[in-house]
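Have the sequence and the 3D view open side by side. Take the parts one at a time, and find each one on screen before reading on.

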Amino acid sequence: MRAASLFRSRFGGEPDGAWLAPGRANLMGEHTDYNDGFVLPFALGQGVTAAAACRTGRRLTVCSRQEPGDGVEVDLDVLAPGRVTGWAAYPAGVAWALEAAGHRVPGACIAIDSDLPAGAGLSSSAALECATALALTSLALTSLALTSLALTSLGGLDVPRAELVTIARRAENEFAGVPTGIMDQSASLLCQAGHALLLDCRSLETWLVPFDPAAAGASLLLINTRARHELTDGEYGRRRAECEEAARQLGIPSLRDLTNLGDTDSLTDPVLRRRARHVVTDNRRVLEVVALLRAPSGPSADTYREIGRLLTQAHVSLRDDFEVSWPEADAAVEAAVAAGASGARMIGGGFGGSVLALVPAAAGGAVRNAVTGAFARRGWTAPEFLAAMPADSARQVNGSELV
């Protein structure tokens with residue numbers, strides 16, 4: 001990424017450092033996070049980089065290679081929800097949430113670059129938040145050290161990653177106004193290469209689950225359908241409200257507490273019944289996938305074929321019960337499976353974005369060709385393909401990576 005060169009051109013001089021936070025793909029568990037359920041994401045190799053340096057005064061200036069213009073400058077002392085809109089609300093929201101949690105944020109200049117396709121449902125917003133959070137907390141430690149202040153005198157800014165997860169989520173929910181769950185920030189800050197992250201969204205406990213499809217002759221293919229993914233158009237929030245209403249009518253705290261699928265029959269509204277059915281069955285699918293990956297004999301080609309079957313099953317549930325799929329995703333799933341993929345499903349909040357396909361290594365070319373052909377026959381913009389490999393979580397970028 002070119003965040004450091006952008007920093008030099010916009011601000012002059014060198015950044016104090018650069019921090020990379022990955023996007024995520026979610027293997028299983030969609031729209032279960034805000035229902036206190038289970039999710040199983042993994043970090044991607046692609047992400048957002050924030051090159052940053054301290055500045056005098058209590059002002060934060062941010063610019064982005066993906067958002068041409070002069071950037072945005074805000075006064076940290078009067079920062080509040082509603083004062084910053086658009087893409088800059090995410091980094092500004094992190095500064096606000098850090099301060100609200102008792103962590104003093106230094107004045108800073110931050111230059112942002114990303115190799116995540118915008119609107120693809122790969123959590124570029126959470127990656128932006130997490131890269132900013134690492135940058136600001138690291139700069140704060142440096143600033144305190146330079147002024148010879150004891151870290152304990154201000155509570156320190158060596159913020160544990162689990163706390164940064166909740167801070168970044170608060171920035172997205174309360175400052176940017178997007179009612180997402182906690183999965184995206186957890187994946188960006190807590191994942192490990194070669195693993196998926198099992199997250200209990202009620203207790204916030206996490207477990208690393210070995211996940212290496214290549215070792216079993218399989219690959220993960222992300223298909224960006226080019227139908228733009230946007231969570232602020234109201235549909236995402238509507239689904240969340242429907243789930244809350246279903247739980248209220250069932251007399252339970254959340255749909256996580258619904259374990260007997262037959263209990264959904266007591267919901268007289270067929271829409272609410274379908275929403276609840278998806279959450280129950282997708283929670284089950286998460287745990288089924290985890291059990292497959294943790295089998296004592298170890299994952300095999302058969303393991304990944306079964307995971308593929310569950311992926312396709314999840315897509316049908318998201319399409320029919322939760323009604324968040326879109327035509328390009330349905331066509332991509334159908335074409336990929338017909339061409340030899342073990343399974344595929346839409347990922348993310350829905351209404352645009354990407355499809356994740358689990359593909360035997362030998363079928364990769366055929367799947368790409370089949371999906372591309374399906375789009376061409378319908379007159380749609382050609383899809384974009386990204387190889388997905390479970391990668392490491394957010395980190396400081398060093399050496400040759402910092403360009």
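The model is predicted.

**Helices that pack**

Two packed helices are described by the angle between their axes and the distance between the axes. Helix H7 spans residues 270–293.

On the H7 side, the contact is made by Arg 274, His 278, Thr 281, Asp 282, Arg 285, Glu 288, Val 289, Leu 292 and Leu 293. H8 brings residues including Thr 303, Tyr 304, Ile 307, Leu 310 and Leu 318. By class, this contact has eight nonpolar, five polar and seven charged residues.

The other pair is set differently on the page. H6 supplies Arg 239, Glu 242, Cys 243, Glu 245, Ala 246 and Gln 249 to the contact. H7 supplies Val 271, Leu 272, Arg 275 and Val 279. Five of these contact residues are nonpolar, one is polar and four are charged.

**Val 289, a residue of H7**

Now zoom in on Val 289, which sits in helix H7. Is Val 289 buried or exposed? Its relative accessibility is 0%, so Val 289 counts as buried. Val 289 touches Leu 27, Met 28, Leu 40, Ile 307 and Leu 310, leaving out residues up to four places away in sequence. Ile 307 and Leu 310 also belong to the H8 side of the helix contact. Gly 308 is 19 residues from Val 289 along the chain, and their C-alpha atoms are separated by 9.7 Å.

Strands of a sheet pair through backbone hydrogen bonds, either parallel or antiparallel. Here an open sheet has four strands in the order S9-S10-S8-S11, and the pairing is antiparallel. Which strands form the edges? They are S9 (343–347) and S11 (384–388), and each pairs on one side only. From one strand to the next, the twist averages 25°.

S9 is joined to strand S10 (residues 354–360) by five bridges, and the two run antiparallel. Gly 343 stands opposite Leu 358 in S10. Helix H9 (residues 327–338) lies across S8 (218–224), S9 and S10, and runs at about 165° to S9.

**Asn 224, a residue of S8**

Asn 224 is found in strand S8. With 5% relative accessibility, Asn 224 counts as buried. A polar atom of the Asn 224 side chain lies 3.1 Å from the backbone nitrogen of Arg 226. Beyond residues up to four places away in sequence, Asn 224 touches Pro 117, Ala 120, Gly 353, Ser 354, Pro 383 and Glu 384.

S5 pairs with strand S2 and with strand S3. Strand S2 (residues 38–54) runs antiparallel to S5, with seven bridges joining them. Here Ala 52 stands opposite Ile 110 in S5. Strand S3 (residues 59–64) pairs with S5 in the parallel sense over five bridges. Ser 64 stands opposite Ile 112 in S5.

**Ala 391, a residue in a loop**

Ala 391 is found between S11 and strand S12 (395–397). Its relative accessible area is 14%, under the 20% cut-off, so Ala 391 is buried. Apart from neighbours within four places in sequence, Ala 391 is in contact with Ala 43, Leu 44, Gly 45, Cys 191, Gln 192 and Ala 193. Val 94 is 297 residues from Ala 391 in sequence and 24 Å from it in space, C-alpha to C-alpha.

Key: Residues numbered from 1 in each chain as written. Predicted model: local features only at pLDDT ≥ 70, side-chain atom pairs only at ≥ 80, totals over all residues. Heavy atoms only, no water. Buried < 20%, exposed > 50% of the residue type's maximum accessible area, 1.4 Å probe, protein only. Contact = heavy atoms within 4.5 Å. Pairing = 2+ DSSP bridges. Axes fitted to C-alpha atoms, helices over the stretch in contact; angles between N-to-C directions. Nonpolar A, V, L, I, M, F, W, Y, C, P; charged D, E, K, R; others polar. Polar contact = N/O pair within 3.5 Å; in protein donor to acceptor, adjacent residues only side chain to side chain.
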